[in-house]
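Please walk through this structure with the text below as a guide. The account starts with the chain as a whole and then turns to single residues.

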Amino acid sequence: MRTLILKDIDDLIINSLGIVAFISFFVGGVVAIQTSLNISNPLIPKYLVGFATRQSIILEFAPTFISIIMAGKVGSFITSSIGTMRVTEQIDALEVMGINSLNYLVFPKFIALSLYPFIISIAMFLGVLGGLAACVYGGYGTLEDYIEGIQTDFIPFHIVYAFIKTLVFAFLLATIPSFYGYFMKGGALEVGKASTTSFVWTSVVIILANYFLTSLLLG
């Protein structure tokens with residue numbers, strides 16, 4: 001079981017760091033640039049660029065947008081890997097050998113995705129850093145104004161809120177794709193269909209969960 005968990009950590013967490021880092025850095029830069037370009041009134045302080053970037057990244061982009069991206073990458077991987085085992089009757093072979101196939105296949109992925117907040121914390125950091133780089137090197141503001149905006153009216157509970165959402169989304173990312181992979185029927189073509197369906201429903205449930213969690217925790 002330890003070997004399976006370490007393998008799933010490598011497949012689901014470590015191999016996702018590259019795409020998450022790339023997207024987070026540049027989306028943070030885009031948020032900073034768009035905020036700066038929309039501040040046309042000279043009476044509006046420039047530090048609001050840093051403030052808006054921090055709020056956008058921490059509250060919504062990092063936990064929610066990254067989770068939808070991961071539903072496509074990680075969710076499809078989970079569904080296709082388990083579904084392929086179902087099609088090739090490897091799951092039946094596990095059950096014949098007396099192994100609890102559901103525990104053997106799903107539990108390591110569940111444990112691996114408990115490290116999902118680590119990915120989101122990196123996304124938060126790189127998103128804010130990307131906004132800083134775009135703001136300063138693009139000539140949209142000064143370093144001092146951006147840092148002042150990051151520090152202005154900071155509410156620590158927003159970080160807690162983001163990680164609560166992250167843990168809920170991690171649970172959804174581990175369970176919904178596993179369900180569609182484990183209980184699928186058919187051949188290779190159905191594996192592809194199950195992967196698409198799992199991505200769609202995982203994204204839908206993540207967005208609905210995001211709405212209800214925001215209403216409960218911030219409403």
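Among contacts in the protein chain between residues at least 6 apart in sequence, what percentage join residues at least 24 apart? The share is 85%, for contacts in the protein chain between residues at least 6 apart, where contact means heavy atoms within 4.5 Å. This is a predicted model, in which local features need pLDDT of at least 70 and side-chain atom pairs count only at pLDDT 80 or more, while totals for chains, interfaces and linings use all residues. Residues are numbered from 1 along each chain as its sequence is written, and side-chain values use heavy atoms, with hydrogens and water left out.

The protein chain has 9 helices and 0 strands. Helices (H or I, at least four residues) and strands (E, at least two) are DSSP runs, numbered from the N terminus. Read from the N terminus on, the order of elements is α-α-α-α-α-α-α-α-α. Along the principal axes, the C-alpha atoms of the protein chain fill a box of roughly 70 × 30 × 30 Å.

Next comes the surface. Of the 219 residues in the protein chain, 42% are buried. Here buried means under 20% relative accessible area, exposed means over 50%, and partly exposed lies in between, with a 1.4 Å probe and protein chains only. The accessible surface of the protein chain comes to about 11,000 Å², and 71% of that surface belongs to carbon and sulfur atoms. Such areas come from the Shrake-Rupley method with a 1.4 Å probe; for residues, only the protein chains shown count as cover. As for charge, the protein chain has 10 positive and 12 negative side chains, counting Lys and Arg as positive and Asp and Glu as negative, without His and the chain ends. The centres of the two sets lie 5 Å apart, with each charge placed at NZ of Lys, CZ of Arg, CG of Asp or CD of Glu.

Rolling a probe the size of a water molecule over the atoms shows where empty space is left. The largest pocket has a volume of about 180 Å³. A pocket is an open set of points on a 1 Å grid over the protein atoms alone, where a 1.4 Å probe fits, with protein on both sides within 12 Å along at least five of seven lines; lining residues have an atom within 4 Å of a point. Grid points are joined across faces, edges and corners, and the volume is the space filled by probe spheres set on the points. Which helices each supply at least two residues of the lining of the largest pocket? They are α1 (2-13), α3 (48-87) and α5 (101-112). The lining includes Leu-4, Asp-11, Phe-77, Met-85, Tyr-104 and Lys-109.

Lys-73 lies in helix α3 and is partly exposed, with a relative accessible area of 33%. Lys-73 and Leu-12 are 61 residues apart in sequence, and their C-alpha atoms are 8.7 Å apart in space. For Val-27 and Asp-11, 16 residues apart in sequence, the C-alpha to C-alpha distance is 24 Å. Val-27 lies in helix α2 and is partly exposed at 23%.

Gly-29 has its place in helix α2 (residues 17-38). Is Gly-29 buried or exposed? Gly-29 counts as buried because its relative accessibility is 5%. The C-alpha atoms of Gly-29 and Ala-134 are separated by 4.9 Å, although the two residues are 105 residues apart along the chain. Leaving aside neighbours within four places in sequence, Gly-29 is in contact with Gly-130, Gly-131 and Ala-134.

Ala-174, found in helix α8, is buried, with a relative accessible area of 0%. Residues up to four places away in sequence aside, Ala-174 touches Val-106, Lys-109, Phe-110 and Leu-113. Ala-174 and Ile-33, 141 residues apart in sequence, are 35 Å apart in space, C-alpha to C-alpha.

Two loop residues remain. Glu-89, in the loop between α3 and α4 (90-96), has a phi near 65 degrees, a positive value in a residue other than glycine. Glu-89 counts as exposed, at 53% relative accessibility. Asp-153 lies in the loop between α7 (143-151) and α8 (157-182), and phi of Asp-153 is near 50 degrees, a positive value in a residue other than glycine. At 60% relative accessibility, Asp-153 counts as exposed.
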